[in-house]
Amino acid sequence: MKTKRKQTIALAGALSLLLLMAGCGGEAPAETTQPTPTSTVESEDTAQVVSPMKSVENGDAFLRELGIGLNAPLDAEDATYDIIDDHLCQILFTMDGVDYTLRAAKEDGDISGVYEEFADGAKALCIDGESVSIEVTVQTVLSSGNKLATWNFQDTYYSLYASSDVEESVVTDLAWTISQRSFLRD
């Protein structure tokens, strides 16, 4: 009895497979003159994700679109400028063989995008200009030695991330250079 049942199941499976294969070789349906109806509303499963990044030409676009002064250093190489989520400015550039990420936004909080564990002992340094001073805080990534500098001026917050283990003075000097070029006009 069990053998007959197994044979029936096997035969049914073989017939199903045969019908399936025969359907693949069939003729295509005749073309109709009416368009196939389509939905103009996309389901959540098929909706395309819009990139939160918008490339812009230079720092003038940041000032024009977001009211944020931010420019790469004059001797920066391969600088790219982006606006992220309509509120965050980002410049990626290389200088002296080190890749940097420079960000600015009119919001308090961590805008750096660096989610690493930092060594104890962040250092705050005050840099004085003729009419303005800024306080730059430098942190060192525990695992790599990479540096993150953060500072603010008026209602804008800035971060500069060095993707290599550079001296602290390199990022503070660069923060000052960026500040002078971006928003300080001493």
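## A tour of salt bridges and strands

Search the whole structure and you find 4 salt bridges. Keep in mind as you click around that this is a predicted model.

**Stop 1: K54 and E65.** Select these two and show their side chains. They meet in a salt bridge, with 2.6 Å from N to O. Now look at where each one sits: K54 belongs to strand β1 (residues 53-56) and E65 to helix α2 (residues 59-66), so the pair ties together parts that are 11 residues apart in sequence. K54 has 40% relative accessibility, so it counts as partly exposed. E65, at 38%, counts as partly exposed too.

**Stop 2: K106 and D155.** Next, select K106 and D155, whose side chains form a salt bridge at 3.0 Å, N to O. Which loops hold these two residues? K106 is in the loop between β4 (98-105) and β5 (123-128), while D155 is in the loop between β7 (147-153) and β8 (156-162), so this contact links parts that are 49 residues apart in sequence. K106 is partly exposed, with 39% relative accessibility, and D155 is partly exposed at 45%.

**Stop 3: E168 and K123.** Move on to E168 and K123, where the salt bridge spans 3.8 Å from N to O. Here a helix meets a strand: E168 lies in helix α3 (residues 168-182) and K123 in strand β5, so the pair ties together parts that are 45 residues apart in sequence.

**Stop 4: strand β8 and its partners.** Now color β8, residues 156-162. Is this strand largely enclosed or largely open? Of its 7 residues, 6 are buried, so β8 is largely enclosed by the rest of the structure.

Look to β4 for one partner: β4 and β8 pair in the antiparallel sense over 6 bridges. To find your place in that pairing, select A105, which stands opposite Y157 in β8.

Then bring in β7, which pairs with β8 in the antiparallel sense over 7 bridges. A handy landmark here is W151, standing opposite Y158 in β8.

**Last stop: the turn.** Follow the chain from β7 into β8. The two strands form a hairpin with 2 residues between them. Click on Q154 in that turn: its phi is positive, about 55°. While you're here, select D155 again, the partner of K106 in the salt bridge from Stop 2.

How values were computed:
Residues are numbered from 1 along each chain as its sequence is written. This is a predicted model: local features need pLDDT of at least 70, side-chain atom pairs count only at pLDDT 80 or more; totals for chains, interfaces and linings use all residues. Side-chain values use heavy atoms; hydrogens and water are left out. Helices (H or I, at least four residues) and strands (E, at least two) are DSSP runs, numbered from the N terminus. Buried means under 20% relative accessible area, exposed over 50%, partly exposed in between (1.4 Å probe, protein chains only). Two strands pair if DSSP finds at least two bridges between them.
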